[in-house]
Amino acid sequence: MATCAIKIFLSPSLCYSLKYEPTNPNYSQFLGYSLLSKPTNFMPLKSHYHPIVATSEHVEIEVKVKEEEEEEKPRFRWTEVGPYLTEAQKKAVSDLPRRMTKRCKAVMRQIIYFSDQKAMLSDVLSAWVSIMKPRRSDWLSVLRELKSMQHPFYVQVAEFALLEESYEANVRDYTKLIHYYGKQNHLQEAESTLLAMKRAGFECDQVTLTAMIVMYGKAGNLRLAEETFEELKLLGEPLDKRSYGSMIMAYIRAGKLEEGETILREMDSQETRAGTEVYKALLRAYSLAGDTEGAQRVFDAIQFAGIPPDVRLCGLLINAYRMAGQSEKARIAFGNMCRAGLQPSDKCVALVLAAYEQENKLDTALEFLVVLESEGVMIGKEASEVLVGWFRRLGVVKDVELILSEFAAWETNNKLPAA
């Protein structure tokens, strides 16, 4: 009969070697290889540990666990991937900047060729760090190229780099990633990055908190935007126009325009001027709401800030009066624009005509067109579409078309030859 041996561990320092001979099945065999068989040369030692019974089932489970652990271990080996690249991948590699260092190009080839079915990206980057010893400039070069390529692994590489000593991460590196997440509207990832930054021993600065306000504002989470803005004020530093502007934009998106104006006045008291895009966004919000008083206040604030209004800003003010059904004030705003030396756009002409249409003032609209013609202003496509739609609703579109065709024929016949 075959003889088998098994070791049973009683403690880290005590081990018994047993021999047994298989016999016919009995109750004791349900315990596996127990201590029931008589050992030879058995010298028991005093110990407070109780014998551990090792069954065949335990042995099988242990073997399976070891096999699974071995399967889960990464098996990435750094090899040259050039011969295995597809045509598209070869094109991406050939487009890499010529000034990029060899170590950067090496990892870029690996990333371009990378497949998550063969290895984990972290294994590829770890191998790169171990073999080629990149510096911060190398990390920045790789991240810059991945971002310009809009590569899907940009975020993963950036996250990995933050934990690498060779990257020498600073506050601005975390801020860039937060800003990137904010653009993608990934709030949870941005907040996790902010928390990781704090755990790394970095303090939030004005740039980081401003990025969070921008993100919360775009996501429509006004409460968190306000809380972050208050935290920003507690830094004790003068706020710049970007920090103020981010909170104003958050109020605009939330429909709280007067609160946005309050911050504008606060900026004036700090002698800080908001950007033109902020004024324009606030004016547009009042314009679309038909709030003429708010639109006029913001329009005046723009001029007070030393920003010369352009045709688009004037068009927003005209539209506010159109939305409110105040055609005469829309006409006055149009006249002020012309007197300021601005050439009226077709959009502005169309807005004035639409304001007259709302009040069914056809005669006044025609008089307005005559004045424009005398000043050499020709109506364009958008203004013409407003007129055609208006005449169609009046049921006179055919008559107008006939008059226009007759006028065009008369103009052709009476056109003087060029000198």
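Let's start on the surface, where Glu226, Glu230, Glu258, Glu259, Asp291 and Glu293 gather in a patch of negative charge. Keep in mind as you look around that this is a predicted model. Where do those residues come from? Helix 10 (222-233) and helix 12 (257-269) each give the negative patch at least two residues. Asp291 sits in a loop instead, the one between helix 13 (276-289) and helix 14 (292-304). Its relative accessibility is 31%, so Asp291 counts as partly exposed.

Which helices supply at least two residues each to the positive patch? They are helix 5 (136-148), helix 7 (171-183) and helix 11 (241-253). Arg144 counts as exposed because its relative accessibility is 55%.

Now step back and take in the whole chain. It has 20 helices and 2 strands. Of its 419 residues, 38% count as buried. The protein chain exposes about 26,800 Å², and carbon and sulfur atoms supply 54% of that area. What about contacts between residues at least 6 apart in sequence? Among these, 59% join residues at least 24 apart.

Next, the charge pairs. Side chains of opposite charge can pair when their charged atoms come close. How many salt bridges does a search of the whole structure find? The search turns up 13.

Take Glu261 and Arg297, whose side chains meet in a salt bridge at 2.7 Å, N to O. Glu261 lies in helix 12 and Arg297 in helix 14, so this pair ties together parts that are 36 residues apart in sequence. Are the two partners buried or exposed? Glu261 counts as buried, because its relative accessibility is 7%, while Arg297 is partly exposed, with a relative accessible area of 37%.

Another salt bridge links Asp95 with Lys91, and their closest N and O atoms are 2.7 Å apart. Asp95 has 46% relative accessibility, so it counts as partly exposed.

Finally, look at Lys361 and Glu359, whose side chains meet in a salt bridge of 3.0 Å, N to O. Lys361 counts as partly exposed at 26% relative accessibility, and Glu359 is partly exposed with a relative accessible area of 27%. Glu328 joins in as well: salt bridges that share partners connect Glu328, Glu359 and Lys361 into one network.

Note on methods. Residues are numbered from 1 along each chain as its sequence is written. This is a predicted model: local features need pLDDT of at least 70, side-chain atom pairs count only at pLDDT 80 or more; totals for chains, interfaces and linings use all residues. Side-chain values use heavy atoms; hydrogens and water are left out. Patches are made of residues with over 30% relative accessible area and no salt bridge: like charges are joined within 9 Å, nonpolar side chains (Val, Leu, Ile, Met, Phe, Trp, Tyr) within 5 Å. Accessible areas come from the Shrake-Rupley method with a 1.4 Å probe; for residues, only the protein chains shown count as cover. A salt bridge is a side-chain nitrogen of Lys or Arg within 4 Å of a carboxyl oxygen of Asp or Glu. Lys and Arg count as positive and Asp and Glu as negative; His and the chain ends are not counted. The place of a charge is taken as NZ of Lys, CZ of Arg, CG of Asp or CD of Glu. Helices (H or I, at least four residues) and strands (E, at least two) are DSSP runs, numbered from the N terminus. Buried means under 20% relative accessible area, exposed over 50%, partly exposed in between (1.4 Å probe, protein chains only). Contact means heavy atoms within 4.5 Å.
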